[in-house]
Structure formats: C-alpha cells, structure tokens
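Dear colleague,

Please find the structure below, handed over for your records.

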Amino acid sequence: MVRVKVPATTANFGSGFDCLGAALGLYNYIEMDFAKTDEIEVMGEGEKTVEKNKTNLVYKAASRVFDEVGISKPIKISLENNIPIARGLGSSAACIAGGLVAANQILGEPLPFSRIVELATQMEGHPDNVVPALFGGFTISMVYEGKVIYKRFSIPNWLRFVVGIPQFSIRTIDARRVIPEKIDFSDAIFNLSRCAMLVASFAKNELSNLDVFCQDKLHQPYRNKLVPGMEKIIKTSKQQGAMACFLSGAGPSVLTITSEENAKKLGIQMVDIFKKEGIKAQYKILSPCDSGVEYIQKSF
Ligand code: HSE
C-alpha cells in the first residue's frame, strides 16, 4: 500500500500564462492499494460530487501507469481532499500527479520520473500546475518536442499566499474559451518583459516591484467577466500592503502575495469585495510548499 501527499498549486503566477507556477501549503492525500475489485472512497472536498468510478481522475491517472506498464489489476483508492475543486488551486493537477506517482510506486516504480512528468502534462494539457505539484517550489515549465522541460527553485518561506476562494467553480476548459486566439504584439511584450523580471526577482531573491511583474494582459482581462470582483481585489490589494495579486490559474480564486502580518486583513478584504458582488467566498492563508508529491507513512 502507498500513501502520497500532493500540494495545491497556483498556475500562471500573474504574467507567466501556461508556464509559471508554485506549490502551496495545502494538500490532498491519496492512498492506493491492490484490491479484489476497484473501489474509490472520497473524504473532504468533493466527497459527495467527485466520481467514484473509472472516470475518477486519480483512477484515470493510475490507469495510465498500469496501461503503460501492461498490468491490469483492481485497486482501492482512498482520497482525503483538502484542495477546493475547480477553483484555480490545482485540484485536478493534484489528482493527476498524485495518482500517477502512487500507481508507479505500488508497481515498484517501473516508470522513470521524467515519464511521470510527461504523462501528467499530457493529461492536464499544460505543465504549469502539474510541474509544481510534482516538484514543489516555484517552477517554470514548457513542452518542447513532446518533452517537458522545467526549472524549479525555492522561494522565501516567510511569504504568504492569501487565496480568496469564491463559492462558485470554473472549469479550465471554459476559462480557456474566453481567451482570444490572437493577441496584440504590444500585449505579448507587456507579458514577456514582466514574466522575465518575475523569474529573475525570485531567482535573485529581490522582491521589489512584484506587483508590476505579476501584471498580465494575456488572460486576466478576458477572464475578468467570469470572476466579478477580481479586478477590484487586484486594484485595492496593494493599498492594503500586498506585494502582488493575480487570478490563480484559470480562477475563480484570486491570490495575493504578502507577509504574515498583512495576510488576515487581505483575506478579509477579498471576501468582502466578493460579497459586495453577491458572491460568497472564503479565504485561506497558505505558505509556499517546497516539496512536491511525497510518500508518507502516517495513516489517515
Ligand atoms: N495555465 C492554465 C490556464 C492553468 O490559465 O488556463 C489552468 O489550470
């Protein structure tokens, strides 16, 4: 039997559409074992709504590994979900990354980790959530000739990610439909310059102007209509001491970067702005997570 712990993630990180991401200190736990028949149980987030059949995402990820290795055996999967589903916090990436890693582990690790990364990216469609889910930290990732290339590094653990999580969900597929097929050259330059500065800032641990470097013209302006309150949160967060603020992944969660002392105030403000838009929301204060999927001993 194997148990893995897999972190939530934020993708895009402002200016890094489809290429930047970071792991957050909020975790799903996956327990997997061989069984007489397939069985799936879900506790926590989505315990009533998540599929408990062959369409379950963790099951599908495990099946990819079993198929690739040419083994067919029933499995029991127990999920303890803490990552809110379809809120822009990488819940599907956590299922995919965790399912692949757990299945590979119970089979005695027949697949190299590089193949796990490729399979995860294929299943998710883009690498910016699955790579930080697998490796932790702050990540830059891309696909080149079918191979995933990534860099990761740690970011200061005193940073706090305050996520304002509205009660409604957005499917990534729907959030991608609102993005235009073509963009202005000037918008490309806008993001390119900021994305490069953002990566350099974290690489050199020089964190001034993060709010500027997290600005975006590739997806947020188009997704704004899907997340009422987002623009206002981004605008007002700096006045309250935020270092940066952006839509987390495809949304609808909005993420603010700050220090511990300002975190609660910013979380309350986010919830308040959503409330004024008629949207119920909660906030969570999360730390950076420096490790990706981990095997754990502790039973849950
Ligand atoms: N980069 C992706 C997007 C992340 O914004 O569509 C969503 O999972």
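The chain has 10 helices and 11 strands, where helices (H or I, at least four residues) and strands (E, at least two) are DSSP runs numbered from the N terminus. This is a predicted model, in which local features need pLDDT of at least 70, side-chain atom pairs count only at pLDDT 80 or more, and totals for chains, interfaces and linings use all residues. Residues are numbered from 1 along each chain as its sequence is written, and side-chain values use heavy atoms, with hydrogens and water left out.

Overall dimensions

Along the principal axes, the C-alpha atoms of the chain fill a box of roughly 55 × 40 × 35 Å. The radius of gyration of the chain is 19 Å, which agrees with the value near 19 Å for a compact globule of 300 residues; the radius is taken over C-alpha atoms, and the globule rule is 2.2 Å times the number of residues to the power 0.38.

Domains and their interface

The domain assignment gives domain 1 (2–154 + 288–298) and domain 2 (160–286), with bounds that come from an automatic or database domain assignment. Taken over C-alpha atoms, the centres of domain 1 and domain 2 are separated by 24 Å. In contact (heavy atoms within 4.5 Å) are 25 residues of domain 1 and 39 residues of domain 2.

Between them, domain 1 and domain 2 bury about 2,300 Å², 67% of it on carbon and sulfur atoms; buried area is the accessible area (1.4 Å probe) that two parts lose on being put together, summed over both. On the side of domain 1, Phe13, Ser15 and Arg87 lose the most area to domain 2, together 27% of what that side buries.

Across this interface, 14 residue pairs are in polar contact (both at pLDDT 80 or more). A polar contact is a pair of N or O atoms within 3.5 Å; within protein, one must be able to donate a hydrogen and the other to accept it, and residues adjacent in sequence count only if both atoms are side-chain atoms. Strand S1 (2–11), strand S2 (20–34) and strand S5 (138–144) each supply at least two residues of the side of domain 1 that touches domain 2, and the largest share, four residues, comes from S2.

Salt bridges

The count comes to 13 salt bridges, each a side-chain nitrogen of Lys or Arg within 4 Å of a carboxyl oxygen of Asp or Glu. Arg3 and Glu31 meet in one of them (2.8 Å, N to O); Arg3 lies in strand S1 and Glu31 in strand S2, 28 residues apart. Between domain 1 and domain 2 the count is one salt bridge. Arg176 also pairs with Asp18 in a salt bridge, with the closest N and O atoms 2.6 Å apart.
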